[in-house]
Amino acid sequence: MGGIKKILTLFLFVALLSAECFAGYPFLIYYGYGAQKSQIERYKVAVLESENYRDVKSFKNITLGYISIGEVENHRSHYPRVASMGLLGERNPNWTDSRYVSLKGGEWQKIVLLELIPKIIAKGYKGVFLDTVDSLLESGNDKTEITDFINSV
């Protein structure tokens, strides 16, 4: 029985020590829209949905704007244009309101690099958080094209 108490005590000590190491909340990923600035600033780095937080210039922490580069969701403002350009492929079976995007012809890269990312940075974000990178493979894009695209970002 003494061995179990020592193990539980050690576990509790490690758990408390681990909690102390994360005091100050180092990282937040939040795609919602209801959190207040003061709540977000408790984190050293915050990934936010830039369409929900349109001005983060005064935030005291590092803010990164979320961007999906391998898929486009049907509620995004750029969805109709990307669809009309023929750049959208199959629906993601896990996220049915999202479709894979094609890198063929370089049009999607231009939209991301010349429009979407600059809009995010103009809102005061320090950088971008790239999501759905793996989805670029799902839509049959060439690995070299994918690598070149990510490096250009």
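At 1.5 Å a residue, the 16 residues of H4 should span 22 Å, and the end C-alpha atoms of H4 are 22 Å apart, which agrees. The model is a predicted one. H4 has a kink of about 30 degrees, centred on Leu113. After H4 comes Gly124, with a positive phi near 105 degrees.

Several residues of H4 are buried: Trp108, Gln109, Ile111, Val112, Leu116, Ile117 and Ile120. An α-helix has 3.6 residues a turn, so residues three or four places apart point the same way. The cover over the buried residues of H4 includes the strands E3, E4, E6 and E7 (127-131), together with the helices H3 (79-84) and H6 (143-152).

| Pocket | Volume |
|---|---|
| Largest pocket | About 290 Å³ |
| Second largest pocket | About 240 Å³ |

The largest pocket has 13 lining residues, and Tyr31, Tyr66, Glu73, Arg76 and Asp131 lie nearest its centre. Strands E3 (62-68), E4 (71-73) and E6 (95-101) each give two or more residues to this lining. E6 gives the most, with 3 residues. By class, the lining of the largest pocket holds 3 nonpolar, 4 polar and 6 charged residues.

The second largest pocket is lined by 16 residues; nearest its centre are Ser50, Glu51, Arg76, His78 and Leu116. Here the elements that give two or more residues are E3, E4 and helix H4 (107-122). The lining of the second largest pocket divides into 5 nonpolar, 4 polar and 7 charged residues.

Note on methods. Residues are numbered from 1 along each chain as its sequence is written. This is a predicted model: local features need pLDDT of at least 70, side-chain atom pairs count only at pLDDT 80 or more; totals for chains, interfaces and linings use all residues. Side-chain values use heavy atoms; hydrogens and water are left out. On a 1 Å grid over the protein atoms alone, a cavity is a set of points where a 1.4 Å probe fits but cannot get out, and a pocket is an open set with protein on both sides within 12 Å along at least five of seven lines; lining residues have an atom within 4 Å of a point. Grid points are joined across faces, edges and corners, and a volume is the space filled by probe spheres set on the points. Helices (H or I, at least four residues) and strands (E, at least two) are DSSP runs, numbered from the N terminus. Ala, Val, Leu, Ile, Met, Phe, Trp, Tyr, Cys and Pro count as nonpolar, Asp, Glu, Lys and Arg as charged, and the others, Gly among them, as polar. The expected span of a helix is 1.5 Å times one less than its number of residues. The bend at a residue is the angle between axes fitted to the seven residues ending there and the seven starting there. Buried means under 20% relative accessible area, exposed over 50%, partly exposed in between (1.4 Å probe, protein chains only). Contact means heavy atoms within 4.5 Å.
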